[in-house]
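Work through the exercises below with the sequence and the model at hand. Each task is followed by a solution in steps.

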Amino acid sequence: MKRCPSCNRTYTDVSLNFCLEDGTPLVSDAAPSFDPHATVRYTQPPSTSAPPPTEIYRPEQPLSNQVSQPRTSPSHWGPGPHVQPQKKSNAVWWIVGGVLVVGIIGVGLIILILALASISSNNNTRNTNSNSGITNRNANANRSANTNSESGLPRSFTDDFSTQTWTTGNFQFGDIWYSDGEYHMRAKDRTYLVMYGPSNVYNTENATVRVTARNIDETGPASGYGLIVHGKKTPSNELEDYALLIFTGSEPQYEVVMHKNNNQTTLVPWTKSSAILSGANSNQLEIRIKGDQISFYANGRYLTKITDSENFKHGLAGFYTSEASDVAFDNLEIER
């Protein structure tokens, strides 16, 4: 049942939005009075400057391993006591033979020492290479454990909004700013405001996404505020996403909407839920995505689910708010 606030005529056609008598927008007493379909779409404001290029630290290449061969002191030889020969005899030949034998043995010892040193150096080199191989294998294992092998993105990611990376500023459809470690958004009157994550690390494909949201003004936006998944802009700057919205007035409710082709379409209409806390209390919104199945939760309690029939799966996490109420978001978590 819809009613004209001007002439008090009533209409039973729920698809009728304007009074047939005087054209005044119709209102319904069964849900929040603001019709989100009549709001103005806000596209993500462009960044005022391109992010600085990433500097990659590359340590200098280590010098190739040089194995130092042990230095061997030359054999020391000195003449024996001088003896005046009294006569020629075979003893001279024995002495010369002995000297030759000693020299041959000395040369053999030097060669043996050099050979042993070379073997030891090769073993050390092989041990060094083996240890390096083990280190590399461990490093690869750690990267595999912390990275989703399919998407190349980290398996878990948290943004506590202590560092300013999201877009901020005063725009035609609202204001966005950081304050006290939270990300604040406030739309203009009778409009809604959408903002997507600043990089692909906020990708929501096959992910569980959580965020804590609270309205500062207690009554909260009449058309809701909440968490977005699979968000992206088309080449023609149109929004594409799914959003879980909550209304935190005296009778808390939730709604699931889709943005496509400049339209906001209701997929799950406003539904009362005791899982949602009213007033200025913080609510943790959670969206679990598995393939084309998307399930919605509030404060750990299941609300509803939809099917991603539009194949928006490659989009980003984001936030939504409406009306002129200050809403703060904190502790965004993405698990893949």
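This is a predicted model: local features need pLDDT of at least 70, side-chain atom pairs count only at pLDDT 80 or more; totals for chains, interfaces and linings use all residues.

Residues are numbered from 1 along each chain as its sequence is written, and side-chain values use heavy atoms, with hydrogens and water left out.

**Exercise 1. Classify the aromatic pair of Phe161 and Tyr178, and state where each residue lies.**

Step 1. Rings of Phe, Tyr and Trp (its six-membered ring) pair if their centres lie within 6.5 Å; planes under 30 degrees apart are stacked, over 60 edge-to-face, and the rest tilted. By this rule the count comes to 15 aromatic pairs.

Step 2. For Phe161 and Tyr178 the centres are 6.3 Å apart and the planes form an angle of 50 degrees, and the pair is tilted.

Step 3. Phe161 belongs to the loop between β3 (156-159) and β4 (169-171), and Tyr178 to strand β5 (residues 174-179); the two are 17 residues apart. Helices (H or I, at least four residues) and strands (E, at least two) are DSSP runs, numbered from the N terminus.

Step 4. Relative accessible area under 20% means buried, over 50% exposed, and in between partly exposed (1.4 Å probe, protein chains only). Phe161 has 2% and is therefore buried; Tyr178 has 13% and is therefore buried too.

**Exercise 2. Classify the pair of Trp166 and Phe319, and find the aromatic cluster that holds Phe161.**

Step 1. The ring centres of Trp166 and Phe319 are 4.9 Å apart and the planes stand at 15 degrees, so this pair is stacked.

Step 2. Trp166 lies in the loop between β3 and β4, whereas Phe319 is in strand β16 (residues 316-322), so the pair ties together parts 153 residues apart in sequence. Both Trp166 and Phe319 are buried.

Step 3. One aromatic cluster is formed by Phe157, Phe161, Trp166, Tyr178, Tyr183, Tyr202, Phe319 and Phe329.

**Exercise 3. Describe the salt bridge of Arg210 and Glu335, and find the network that contains these residues.**

Step 1. A salt bridge needs a side-chain nitrogen of Lys or Arg within 4 Å of a carboxyl oxygen of Asp or Glu. The whole structure has 10 salt bridges.

Step 2. Arg210 and Glu335 meet at 3.4 Å, N to O. Arg210 is in strand β8 (residues 208-215) and Glu335 in strand β17 (residues 327-335), 125 residues apart.

Step 3. Arg210, at 16% relative accessibility, is buried, while Glu335, at 37%, is partly exposed.

Step 4. A further salt bridge joins Glu286 and Arg288 at 2.6 Å, N to O. Glu286 is buried at 4%; Arg288 is partly exposed at 34%.

Step 5. Through shared partners, salt bridges join Arg210, Glu286, Arg288, Glu333 and Glu335 into one network.

Step 6. Arg288 also lies over the face of Tyr297, 3.8 Å from the ring centre. The rule for a charge over a ring asks for NZ of Lys or CZ of Arg within 6 Å of the ring centre and within 35 degrees of the ring normal.

**Exercise 4. Which parts of the chain does the salt bridge of Glu310 and Lys260 tie together?**

Step 1. In this salt bridge, the closest N and O atoms of Glu310 and Lys260 are 2.4 Å apart.

Step 2. Glu310 lies in the loop between β15 and β16 and Lys260 in strand β11, so the pair ties together parts 50 residues apart in sequence.

Step 3. Glu310 is partly exposed at 27%, and Lys260 is partly exposed at 25%.

Step 4. Asn311 also lies in the loop between β15 (301-307) and β16, and is partly exposed at 48%. Locate Thr248 and state whether it is buried or exposed.

Step 1. Thr248 is in the loop between β10 (239-247) and β11 (253-260).

Step 2. With a relative accessible area of 1%, Thr248 is buried.

**Exercise 5. Which residues make the nonpolar surface patch of about 480 Å²?**

Step 1. Patches are made of residues with over 30% relative accessible area and no salt bridge; like charges are joined within 9 Å, and nonpolar side chains (Val, Leu, Ile, Met, Phe, Trp, Tyr) within 5 Å. Accessible areas come from the Shrake-Rupley method with a 1.4 Å probe, and for residues only the protein chains shown count as cover.

Step 2. The patch is made by Val101, Ile105, Leu109, Leu112 and Leu116.

Step 3. Leu112 is found in helix α1 (residues 91-146), and at 47% relative accessibility counts as partly exposed.
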